[in-house]
Amino acid sequence: MSETIDVTRNDDIRDEPAADPIVSPGRRTFLKGVAGAGAAISLIRAVDARAEGELGYWAKDLPAAKQVQMYTDICRIRWHERTMADKMLTDSKYRGYDHFYAGQEAVAVGVCAALRNKGNFDEVDYVYSSHRSTGHALAKGVDMKKMAAENDFRATGLNGGYGGEMHLSDKSCGFIGADGMIGPAPPMATGSAFAIKARGSKQVVVVFAGDGTYATPHFHSALNNSALLKLPFIYVLENNLYHQYAHYSLSCPMKDIAEAAGPYHIPGVVVNGQDVMQVYNVARTAVERARAGGGPTLIEAKTYRYYNHWGAPGAKPGELGAFGYDPLAISSFRPERELREWMARDPVDISRNVLVAWGTLTRAQADAIEAAAKQEAIDAFAWADAQPYCKPEDGLKNVFTQGSVAARQFG
């Protein structure tokens, strides 16, 4: 039986390699101490420490450029989501059908930073998504402009305007895509993991799914089969407390859904989903395990979404989060003070403060990165607005591998 590992605690051991030029004297002394003690500590003990969630075990190996890129990606996702929300609130011509990822950015970025995102299709790691796919897509390397166009069903969008947010896909970076219903992505992802194991390509497959998927057969099927076959598969369950408008406790008997890993004899890890470095640590451990043939891992990231389940009801243009009435909420829903409490533990703020504390960035540099991310999002949606819409007859294409379906009239 596996033991659920909780790495949500906050420690102060956050370090880069000593070779990195950005290392303070205090941190250099700490690293020397670690090096001296390392001779007396076995590899097994080091692995145990990592498994127990020793914050910084992997993060200390991140070069400054990687740290900055992770912060940049968090900012890019945040401002893509905010810009998209403002479009829904102010532009009556915008046709996007969107489930916003704001508040959960550290999960996607922390996980994807541990993956291979560039290379041939038989080299990159694969990511499957369900709802809130835009954050996963950007973290994996999808082009923001093409995605903005796709979400508005433009002909030059990422998938020719056929998919929209619910079916985004980009083979070039290994983002296999989202699905329109909660559930199907996990077993499809395990299918890819089986193919990878069969051909021996040493890739890894990640599926991002919400807390609502626990109560589906797909969740248990994916864990069962990946455990039986020791597949290179990682299930990242983003527990933002609510599936649509119902609290997850209404469908799950455990406080930590990661406990569900126990019967399948695989690691079940709980992590603070607001801290990108903590997410990276557990993701890197899971990726190394999967790539080495050790089998799957279930990661439960405790996080929160700043907007409601779908769209922007209750939100105001130019403001982050949805605090007003949502007419779609048909059951008990979250109190405002809960949302504000989670916003006080914001992934953007945490990432910025960590890098400033480490000396990787000054606060002015961090602010400039966020300002550039905001402008990139504005430019992306402006570009998308100028793109042509899909033509009705284009819906008859791509049904078969060649040619189009003949148009028919019904009734």
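Author: Buried means under 20% relative accessible area, exposed means over 50%, and partly exposed is anything in between. Keep that in mind for this predicted model.

Reader: Okay, let's start with the whole protein. How many helices and strands are there, and what share of the residues is buried?

Author: You'll find twelve helices and nine strands. Of the 411 residues, 53% are buried. Take contacts between residues at least 6 apart in sequence: 76% of them join residues at least 24 apart.

Reader: Now the salt bridges. What counts as one, and how many does the structure hold?

Author: You need a side-chain nitrogen of Lys or Arg within 4 Å of a carboxyl oxygen of Asp or Glu. The structure holds 17 salt bridges. One of them pairs D346 with R78, with 2.8 Å between the closest N and O atoms. D346 sits in the loop between helix 10 and helix 11 (347-358) and R78 in helix 3, so this pair ties together parts 268 residues apart in sequence. Both ends, D346 and R78, are buried.

Reader: Which residue does D385 pair with, and are the two partners buried or partly exposed?

Author: D385 forms a salt bridge with K87, again with the closest N and O atoms 2.8 Å apart. D385 belongs to helix 12 and K87 to helix 3, so parts 298 residues apart in sequence get tied together. D385 counts as partly exposed at 34% relative accessibility, while K87 is buried with a relative accessible area of 11%. There's also a network: salt bridges that share partners join D349, R352, D367 and E370.

Reader: What about a pair within one helix?

Author: Here's the general idea: an α-helix has 3.6 residues a turn, so residues three or four places apart point the same way. For a case, look at D73 and R76, which are three residues apart in helix 3, about one turn. They form a salt bridge with the closest N and O atoms 3.8 Å apart, and both are buried.

Reader: Let's go to helix 6. Why is it described as largely enclosed?

Author: Six of its eight residues are buried, so helix 6 is largely enclosed by the rest of the structure. Those residues are M144, M147, A148, A149, E150 and N151. They pack against helix 3, helix 5 (133-140) and helix 12 (363-385).

Reader: What happens at the ends of helix 6?

Author: At the N-terminal end, D143 is the cap, with a side-chain oxygen 3.1 Å from the backbone nitrogen of K145. Just after the helix, F153 takes a positive phi of about 60°, although F153 is not a glycine. F153 counts as partly exposed, at 25% relative accessibility.

Reader: Which other residue has a positive phi near 50°?

Author: That's K230, also a residue other than glycine. K230 sits in the loop between helix 8 (217-229) and strand 5 (233-239), and at 42% relative accessibility it counts as partly exposed.

Reader: Last one: which residues have the most contacts inside the largest nonpolar core?

Author: That core has 58 residues, and the ones with the most contacts inside it are M70, Y71, V111, V206, F208, I234 and M277. Helix 9 (residues 276-291) gives the most to this core, with nine residues. A second, separate core has 49 residues, including Y214, F233, A312 and L339.

Methods: Residues are numbered from 1 along each chain as its sequence is written. This is a predicted model: local features need pLDDT of at least 70, side-chain atom pairs count only at pLDDT 80 or more; totals for chains, interfaces and linings use all residues. Side-chain values use heavy atoms; hydrogens and water are left out. Buried means under 20% relative accessible area, exposed over 50%, partly exposed in between (1.4 Å probe, protein chains only). Helices (H or I, at least four residues) and strands (E, at least two) are DSSP runs, numbered from the N terminus. A nonpolar core is a set of buried Ala, Val, Leu, Ile, Met, Phe, Trp, Tyr and Cys residues joined through side-chain atoms within 4.5 Å. Contact means heavy atoms within 4.5 Å. A polar contact is a pair of N or O atoms within 3.5 Å; within protein, one must be able to donate a hydrogen and the other to accept it, and residues adjacent in sequence count only if both atoms are side-chain atoms.
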